[in-house]
Amino acid sequence: MVLNWIWIAFFAIAFLMAVGRTVTDGDLSVWSDIMNSSFSQASFAFEISLGLTGVLTLWLGIMKIGEKGGVIEFFGRLISPFFSRLFPGIPKGHPAMGAIFMNISANMLGLDNAATPMGLRAMQEMQTLNDKKDTATDAMIMFLVLNSSGLCLIPVSIMMYRAQGGASNPTDIFLPILIATAIATLVGLVALCVRQRIRIDRVIAGWLLGIGAVVAAVCWFFASLPAGKMELYSTFAANVILFSVIISFIIAGVRKKVNVYDTFIEGAKEGFRTAVMIIPYLVAILVAIGMFRASGALDLFTSWVETAVGALGFDTRWVGALPTMLMKPLSGSGSCAMMLDVMKENGADAFVSRVAAAVRGSTDTTFYILAVYFGSVGVMKTRYAAGYALLADLTGAVAAVLVAYFFFG
């Protein structure tokens with residue numbers, strides 16, 4: 001519902017801006033600019049969707065091999081002590097645990113749309129344990145906040161978008177996203193543990209300290225390098241992890257005597273269907289954004305913010321990424337479209353484009369997740385889920401800007 005009004009607002013504001021420019025400035029060309037933008041953005045959206053098809057097909061195929069090879073089950077047992085404490089309302093061995101783990105794993109691998117079916121399955125399993133079917137349980141809220149904070153180890157889709165945009169090193173955004181999303185996850189998780197009165201015992205503390213230690217070690221290591229080496233090692237780390245994941249899943253499949261090729265094709269078909277499904281959404285939002293920008297409304301808004309930020313004495317180079325930041329909690333495709341628009345206008349290697357990419361990867365899409373996941377099981381009373389999810393969003397966005405300055409500023 002919220003996205004519906006935002007989408008309508010893009011067109012309405014673009015129309016009013018065009019009328020204003022025509023009446024006050026006598027600008028008749030703005031109408032042609034707006035319509036030409038709609039056609040070019042529709043074509044651009046389809047091209048982006050085609051590129052995403054290949055990535056989703058690849059990674060859903062690989063994940064299917066990992067699932068049948070027992071890798072998912074292995075990590076499920078490994079993480080069980082941690083999850084059983086975060087979700088005390090879910091019995092050990094309940095199918096919800098496996099679905100939650102697969103969803104979070106897909107998010108950690110940066111497979112945004114692939115994670116949704118797994119998340120819906122997790123919500124359905126948790127709903128079987130819910131005595132009040134119209135009210136969110138503590139476990140559901142914890143799951144939603146973890147999804148919203150969106151801990152992402154491998155932002156595959158964002159790196160792919162940067163490659164398509166002509167970035168010289170598409171993976172250089174890997175570590176900034178890792179740090180920002182880890183901070184958002186830590187803040188959201190700790191805040192919710194306090195709210196739900198979950199005792200942070202040695203196991204939870206150990207996991208949280210482990211995440212914090214990794215982030216701190218990464219920051220320390222890269223801070224000690226010359227500026228020219230940061231990008232080199234960031235690219236190296238991302239590519240090693242990506243290829244190691246692929247190899248480990250294939251080896252696990254071979255050991256389990258799985259027909260690796262047929263299993264990959266089975267999962268890849270799911271990736272193709274997922275990619276095709278998002279084409280209308282991407283076309284819709286990119287066209288709306290293109291017309292909004294062509295009308296001059298977006299430039300007017302960012303100039304106001306830039307003036308205010310400059311008046312306070314702060315650097316204003318990040319302001320161009322503000323539309324991505326504002327859209328992120330509302331729509332994954334919308335924030336993606338905003339990021340792509342920034343890259344298209346400024347170039348993939350521009351500082352503001354890197355900030356937009358870091359913001360895009362820092363958290364997940366709060367209101368989309370709330371609407372789809374709760375709506376899928378008929379939960380109407382979401383209690384305090386939105387507030388804590390937005391806390392994670394805000395933390396991630398601020399962290400993304402600061403980390404981008406650290407790496408690229």
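Contact here means that heavy atoms lie within 4.5 Å.

**Figure 1. Overview of the predicted model.** Among contacts in the protein with a separation of 6 or more, 79% join residues 24 or more positions apart. The protein contains 17 helices and zero strands; helices (H or I, at least four residues) and strands (E, at least two) are DSSP runs, numbered from the N terminus. Of its 409 residues, 53% count as buried, where buried means under 20% relative accessible area, exposed means over 50%, and partly exposed lies in between (1.4 Å probe, protein chains only). The protein exposes about 18300 Å², and carbon and sulfur atoms supply 68% of this area. Accessible areas come from the Shrake-Rupley method with a 1.4 Å probe, and for residues only the protein chains shown count as cover. This is a predicted model, in which local features need pLDDT of at least 70 and side-chain atom pairs count only at pLDDT 80 or more, whereas totals for chains, interfaces and linings use all residues. Residues are numbered from 1 along each chain as its sequence is written, and side-chain values use heavy atoms, with hydrogens and water left out.

**Figure 2. Salt bridge between arginine 21 and aspartate 27.** Side chains of opposite charge can pair when their charged atoms come close. A salt bridge is defined as a side-chain nitrogen of Lys or Arg within 4 Å of a carboxyl oxygen of Asp or Glu, and the structure holds eight of them. In this view, the N to O distance between arginine 21 and aspartate 27 is 2.7 Å. Arginine 21 is partly exposed, at 22% relative accessible area, whereas aspartate 27 is buried, at 16%.

**Figure 3. Salt bridge between aspartate 138 and arginine 383.** The closest N and O atoms of the two residues are 3.0 Å apart. Aspartate 138 belongs to helix α6 (residues 138–149), and arginine 383 to the loop between α16 (366–376) and α17 (385–408); the pair therefore ties together parts that are 245 residues apart in sequence. Aspartate 138 is partly exposed, with 32% relative accessibility, and arginine 383 is also partly exposed, with 44%.

**Figure 4. Salt-bridge network of Arg162, Asp349 and Arg354.** The side chains of arginine 162 and aspartate 349 form a salt bridge with an N to O distance of 3.5 Å. This pair links distant parts of the chain, 187 residues apart: arginine 162 lies in helix α7 (residues 156–164), and aspartate 349 in the loop between α14 (332–346) and α15 (351–362). Arginine 162 is buried, with a relative accessible area of 0%, while aspartate 349 is partly exposed, with 31%.
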